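Hi,

Here is the model I said I would pass on.

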Amino acid sequence: MSKHFKFLTALAFGVAAAGLVAAGPAHAKVEGDTIIIGSAISFTGKYSTNGIHASNGYDLGVKRINEMGGVKVGGKMYKLKIKYYDDESTPLRTAQLAERLIKQDGIKFILGPYSSATTKAMAPITEKYKIPMVEAEGASRSLFTQGYKYLFAVLSTSEQYLASSIALAAEMAKKAGKKPSDVRVAMAFENDPFSLDVRAGVIDDIKKFGMKIVIDDKLPRDLADMSATLTKVKALKPDLLVISGHSKGAATAARQIKELKIDVPMIAITHCEAAKIVKKFGAATNDFLCPTQWAETLSYKGKYFGTAAEYDKLFKATYDGYRNVPYQAAQASAAVLVWKDAFERANSFDTEKLRQALSETNMKTFYGDIRFAPGGNNIAKPMVLRQIQDGKFNVVAPSKWASHKVNWPRKVPGM
Amino acid sequence: MLDNIALLGIAPLLNVQLLLDGLFIGAIFVLAAYGLALVWGVMNVKNLAQGDFVMMGGYIAFVMTKLGIHPIFGLPVAIVFMFGFGWVVYRVIIYRVVGKDLFTSLLATFGMAIVIQQLLNLIFSPDVMVAESGFAIRSYLGGMVTVADIKLISFLLAGVLATLVITFMKYSRMGQAIRATAQDPRAARVMGIDTERVYAFTFALNAAICGAAGVLISMIWVLQPFFGMTYSIRAFVIVTAAGLGNLPGVIIAGLGLGAVEQFAGFILGAELQQFTVVGLLVAILVWRQVQMSRHRQAVR
């Protein structure tokens with residue numbers, strides 16, 4: 001390539017870039033009567049299933065708000081619109097797209113990506129440019145200990161995922177006339193940031209009750225086999241078995257618990273729904289306890305979608321092919337509601353005023369209550385524990401929200 | 001750690017469970033490793049897409065269940081399909097890298113692995129899938145040892161497949177041609193062997209074996225478009241531990257590492273399960289190096 005040509009190319013790019021930057025902020029955040037919110041989410045790659053659930057949730061939130069008249073700021077009604085990019089499930093790409101949304105497209109309001117890893121890549125950038133982000137899909141505790149000021153999350157953080165199973169085990173021990181400190185716990189967690197957060201929460205609660213940990217295995221990411229760990233479980237007969245390892249962990253655990261005929265009175269596993277273990281392994285999954293951020297049977301209620309059950313119905317009517325509404329979609333819709341609420345309370349598009357309004361959020365929604373701690377995480381909504389009872393997921397804890405009694409000890413037909 | 005060893009002493013039947021599980025796992029790894037050893041030995045191509053071939057086989061079994069056919073019948077389908085796939089891949093890509101340096105074949109097959117992963121991801125989504133055999137799970141020795149029939153069947157099938165391949169390599173014309181080409185491609189060509197065809201056949205055979213392993217895996221573990229890497233790494237570890245060109249060694253190494261892995265997971269915890277396997281590989285390599293240097297001194 002000649003020097004001359006190189007110079008021309010550089011010039012062309014430079015002019016184009018300058019043009020974009022100049023044109024961007026002037027009207028990209030609010031175009032006419034439309035507020036544009038940016039989001040880089042996983043439409044392809046390993047997070048694509050949940051990425052698409054989340055974007056469906058975002059879209060439904062936007063649709064509902066626009067149908068109800070839109071967002072009122074400064075006496076004028078605005079519609080909401082989302083500008084999406086596909087981050088291909090790679091955090092590096094999320095970070096690049098965050099820069100692009102903010103620098104090139106002039107976006108001033110962000111909805112989070114899917115997964116803790118990609119949210120971790122995005123948060124430093126929104127923080128750098130002081131652009132508020134409301135996220136619904138990054139649960140990792142470490143996101144909220146960095147002192148980020150512009151990050152707000154509607155979901156419960158990861159250390160709460162299985163902690164309630166410990167309290168439940170203590171309750172059951174008391175019922176059986178034993179002390180909670182007699183409870184013996186076996187733990188198997190994947191060696192990744194999310195599951196280790198879950199583990200930290202479990203250990204905190206185990207210490208609180210003075211329970212005994214008999215197995216504490218950390219499964220490597222690329223381990224497709226848990227039989228050694230489960231053989232140990234079989235030998236030691238703990239009172240509670242807790243497992244966290246995304247969909248792969250849930251599917252592997254369910255399959256091998258069945259194959260090794262593991263008989264433990266209480267088993268709690270994350271990602272039961274995502275791994276579709278009931279459909280795959282049927283009755284062998286009976287009485288598993290599965291934590292969830294949200295369930296359509298909960299009695300939460302809010303202004304925009306009505307009750308959790310009404311949201312469930314609307315979602316199924318809007319999108320084909322959903323037999324159950326994933327909580328990933330529900331919390332994404334809730335994040336859009338948080339933005340609307342903040343716009344109206346701030347009554348401005350100024351990012352500092354919006355940040356202030358977001359930090360003062362106090363809402364009741366179909367997804368649960370939303371109130372942010374100084375770190376940005378939602379402290380008003382608990383994780384709920386559901387039990388697989390005859391193939392159905394029924395809420396059994398915490399008792400305030402429980403619709404069914406917990407089956408204890410666990411019974412599996414044919415065992 | 002010590003209490004875990006003590007546990008094995010108190011309940012010796014646990015050893016049986018661990019050993020059986022280890023052998024069952026090992027047998028399937030042996031298949032993938034055997035294919036790799038063939039391709040590596042004959043064509044000097046290090047196939048990083050090995051595990052992805054395995055995943056493809058698994059998804060074939062998964063598709064069978066969707067069609068209402070028992071996944072075990074995926075075995076012949078996967079073998080035929082993957083043989084054809086391997087042949088095409090050889091004709092399109094691999095023939096260009098045979099005889100090139102190490103990095104060319106690594107890069108080409110690594111690229112292939114990424115393409116296969118993404119295609120599987122597009123077709124089947126990144127969700128975790130399984131194929132259920134529905135076979136019984138039997139308890140032995142007072143319930144202390146459980147064996148899922150599917151694991152036993154997989155073990156036997158893996159054995160049959162390995163025997164077939166070994167017999168084929170020893171006695172058939174093509175098998176002999178493959179071995180001759182592995183020893184000296186130039187001499188083989190001089191003797192009238194169509195080495196191009198031998199290479200294509202070897203690569204296709206490898207893909208077919210991987211496909212068979214995948215079918216078994218779909219009924220024992222889980223499928224996901226990006227899990228192939230695990231099996232690629234395993235295959236490399238086994239072939240390296242066995243020593244190149246040592247096909248019976250591959251079987252022993254595969255079964256042995258499977259068993260070691262189970263015991264390591266039990267005694268040291270799951271976090272050190274794979275560490276032990278790879279650590280053992282390093283130990284074997286060091287030991288072999290020491291042996292060889294001694295041998296060299298003796299010759300001098």
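Ser139(B) has Thr146(B), over in S2(B), as its bridge partner. That pair belongs to a predicted model, so please read everything below with that in mind. The two strands concerned are S1 (residues 137-140) and S2 (residues 145-148) of chain B, which run antiparallel and are joined by four bridges. Together S1(B) and S2(B) make a hairpin, with four residues between the strands. One of the turn residues, Leu141(B), has a positive phi of about 50°.

Positive phi:
- Ser89(A) has a phi near 65°. Its place is the loop between strand S4 (76-86) and helix H3 (91-104) of chain A. Buried or exposed? With a relative accessibility of 3%, Ser89(A) is buried, because the cut-off for that is under 20%.
- Ser125(B) also has a positive phi, near 65°. This serine is found in the loop between helix H5 (102-124) and S1 of chain B. Its relative accessible area is 23%, so Ser125(B) counts as partly exposed.

Cis peptide bonds:
- Ala397(A) to Pro398(A) is cis, with omega near -5°. Pro398(A) sits in the segment after strand S18 (392-397) of chain A.
- Trp408(A) to Pro409(A) is cis too, with omega near -10°. Pro409(A) is likewise in the segment after S18 of chain A.

Now for the interface. How many residues does each chain bring to the contact? Chain B supplies 47 residues and chain A supplies 35 residues. The size of an interface is often given as the accessible area lost when the parts come together. For chain B and chain A, the buried area comes to about 3,200 Å², with 55% of it on carbon and sulfur atoms.

Glu132(B) forms a salt bridge with Arg255(A), where the closest N and O atoms are 2.8 Å apart. On the side of chain B that touches chain A, helix H2 (residues 13-43) of chain B gives the largest share, five residues. By type, that side of chain B divides into 25 nonpolar, 14 polar and eight charged residues.

Cheers

How values were computed
Residues numbered from 1 in each chain as written. Chains lettered and ligands numbered in written order. Predicted model: local features only at pLDDT ≥ 70, side-chain atom pairs only at ≥ 80, totals over all residues. Heavy atoms only, no water. Pairing = 2+ DSSP bridges. Buried < 20%, exposed > 50% of the residue type's maximum accessible area, 1.4 Å probe, protein only. Contact = heavy atoms within 4.5 Å. Buried area = accessible area lost by both parts, 1.4 Å probe. Salt bridge = Lys/Arg side-chain N within 4 Å of Asp/Glu carboxyl O. Nonpolar A, V, L, I, M, F, W, Y, C, P; charged D, E, K, R; others polar.
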